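Take a walk through this chain, from single residues to helix packing and then to the sheet. Keep the model open as you read.

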Amino acid sequence: MSTYRIRPIQQLNRSAKRKSKVVLVIITALLAFGVIFSVMAMVSVFGMILPDQEEATGVQGVRVGDIQISKIGEGQIPKEYIPIYKAAGEKYNIPWTLIAAIHRVETHFGQDLNTSSVGAIGHTQFMVKTWVGWSYPGGTRLGDAAIPKDVLMNPAMIKKYGGFGVDGDGDGKADPYNVTDAMYSTANYLNANGGASGNYQRAVFAYNHATWYVSRVMGFMNSYSSGSVEAVSIKGGSAKGSAAIEKAIQVGSSIVGKSPYVWGGGRNQSDIAARKFDCSSYVRWAYSSAGVDLGPVSATTTDTLIKRGKVVKASEMKRGDVIFFDTYKINGHVAIYLGDGKFLNDSSSQGVSIGDLNNTYWKAKFNGNVRRVA
């Protein structure tokens, strides 16, 4: 005979009800999680999720209306666009250098106006449903839709559907391919998604739901704003360095043209023996060969190298300094400066090679961050 007690039927019923409630709560939670997960999957869809971001109430203490252009900004921003950025920024209380930074990151100041792979269009790459309004029927979950131009660019239709497109130049159309309309619309969007309260990082994250994007845009904004980053010098600095520097350069140069780029390579002895590096592991290896410790083999990255050595002004960099570039992210690429604008690096396109800061690509990517490690 069983030694278990037989519970009264009322107790069993109460127990069953409790279990049913627990099961119902679990199912509800799972369904909610599914909805959340689906929304989180909408990367780069404007305004879908606004995460907790560090408050950024200004540009290094400069009030929005007082922001002046830096030397870097003077060298990179097309002069004809500056009055447009400033007018849009003043209207929506957004730093004009932030608007310029988004224009720079999205289409390199309008040099590439191709429609993106997910359907983003215009100077600042709006999804069409964000431009005209998400209440417009149809379209993809990312915001692409077949919207006639007479609707997409019609201010009345944009107001009806709750979009962010703006007729900035007053010609009766809100055209994402018109630079004035695009900048006013960008400022409008930033204002509505955190910019109004000065939380620019949150606003940029809403614009494109990716932390690398926030870092890149904020980096350009700061570099374009007076007092944030110094102008870049790519002359001089070729005098012979210390014994350690010359040894590192000699070792690094020994595999120029002989070592293809390997993402994540160089972080174990097998890779090092086979000369399989990426940019940061290559710099670590070259200096390690000269007796300079830049971090552990398995954990050295551009993010750790940027903290090594001492900060050096770009205008004062010398042979052997470690220099950084904004590629897929802020400080995403690193190299060893050789002097006279040349540098030693392991790039994804050419492997271990000698680059030139006067090259259009590298000149645009060099961010002025320099560290002296030896």
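Phe 109 is buried, at a relative accessible area of 6%. Buried means under 20% relative accessible area, exposed means over 50%, and partly exposed lies in between (1.4 Å probe, protein chains only). The model is a predicted one: local features need pLDDT of at least 70, side-chain atom pairs count only at pLDDT 80 or more, and totals for chains, interfaces and linings use all residues. Residues are numbered from 1 along each chain as its sequence is written, and side-chain values use heavy atoms, with hydrogens and water left out.

Phe 109 sits in the loop between H4 and helix H5 (128-132). Helices (H or I, at least four residues) and strands (E, at least two) are DSSP runs, numbered from the N terminus. Most residues other than glycine have a negative phi. Phe 109 is not a glycine, yet its phi is positive, about 60°. Gln 125 lies in the loop between H4 and H5 too. Its phi is also positive, near 55°, again in a residue other than glycine. Gln 125 counts as buried, with 8% relative accessibility.

Now step back to the whole chain. There are 15 helices and six strands. Of the 374 residues, 48% count as buried. Take the contacts with a separation of 6 or more: 60% of them come from residues 24 or more positions apart. Contact means heavy atoms within 4.5 Å.

**Helices around H4**

Two packed helices are described by the angle between their axes and the distance between the axes. Here axes are lines fitted to C-alpha atoms, for helices over the stretch in contact, and angles run from 0 to 180 degrees between N-to-C directions.

Start with helix H4 (residues 96-107) and helix H8 (residues 179-192). Their axes come within 10 Å and cross at roughly 115°. That makes H4 roughly perpendicular to H8. The cut-offs are these: under 35 degrees is roughly parallel, over 145 roughly antiparallel, 65 to 115 roughly perpendicular, and the rest oblique. H4 passes H8 in a right-handed crossing. A crossing is right-handed if the near helix is turned clockwise from the far one by less than a right angle, and left-handed if anticlockwise. H4 brings Leu 98, Ile 99, Ile 102 and His 103 to the contact, while H8 brings Val 179, Met 183, Thr 186, Ala 187 and Leu 190. Seven of these residues are nonpolar, two are polar and none is charged. Nonpolar covers Ala, Val, Leu, Ile, Met, Phe, Trp, Tyr, Cys and Pro; charged covers Asp, Glu, Lys and Arg; the others, Gly among them, are polar.

Helix H3 (residues 82-92) also packs against H4, at an angle of about 125° and with the axes 8 Å apart. H3 and H4 are therefore oblique to each other. H3 passes H4 in a right-handed crossing. On the H3 side, Ile 82, Tyr 85, Lys 86, Ala 88 and Gly 89 make the contact; they meet Trp 96, Ile 99, Ala 100 and His 103 of H4. This contact divides into six nonpolar residues, two polar and one charged.

Which elements cover helix H9? The cover of its buried residues includes H4, H8 and helix H10 (211-224). Seven of the eight residues of H9 (residues 200-207) are buried, so H9 is largely enclosed by the rest of the structure. Among the buried ones are Tyr 200, Phe 205 and Tyr 207.

**The sheet**

Six strands form an open antiparallel sheet, in the order S1-S6-S2-S3-S4-S5. Its edges are strand S1 (310-311) and S5, each pairing on one side only. Two strands pair if DSSP finds at least two bridges between them. Helix H13 (residues 279-288) packs on the sheet, touching S2, S3, S4 and S5, and its direction makes about 45° with that of S3.

Strand S3 (residues 333-339) is mostly covered, with seven of its seven residues buried. Four bridges link S3 to strand S2 (residues 322-325) in the antiparallel sense. Phe 325 stands opposite His 333 there. On to strand S4 (residues 342-347): S3 pairs with S4 over three bridges, antiparallel again. Gly 339 faces Lys 342 across this pair. S3 and S4 form a hairpin with two residues between them, and Asp 340 in the turn has a positive phi of about 55°.

Six bridges then join S4 to strand S5 (residues 351-356), also antiparallel. A hairpin joins S4 to S5 through three residues. Lys 342 has Asp 356 of S5 as a bridge partner, and Leu 344 stands opposite Ile 354.
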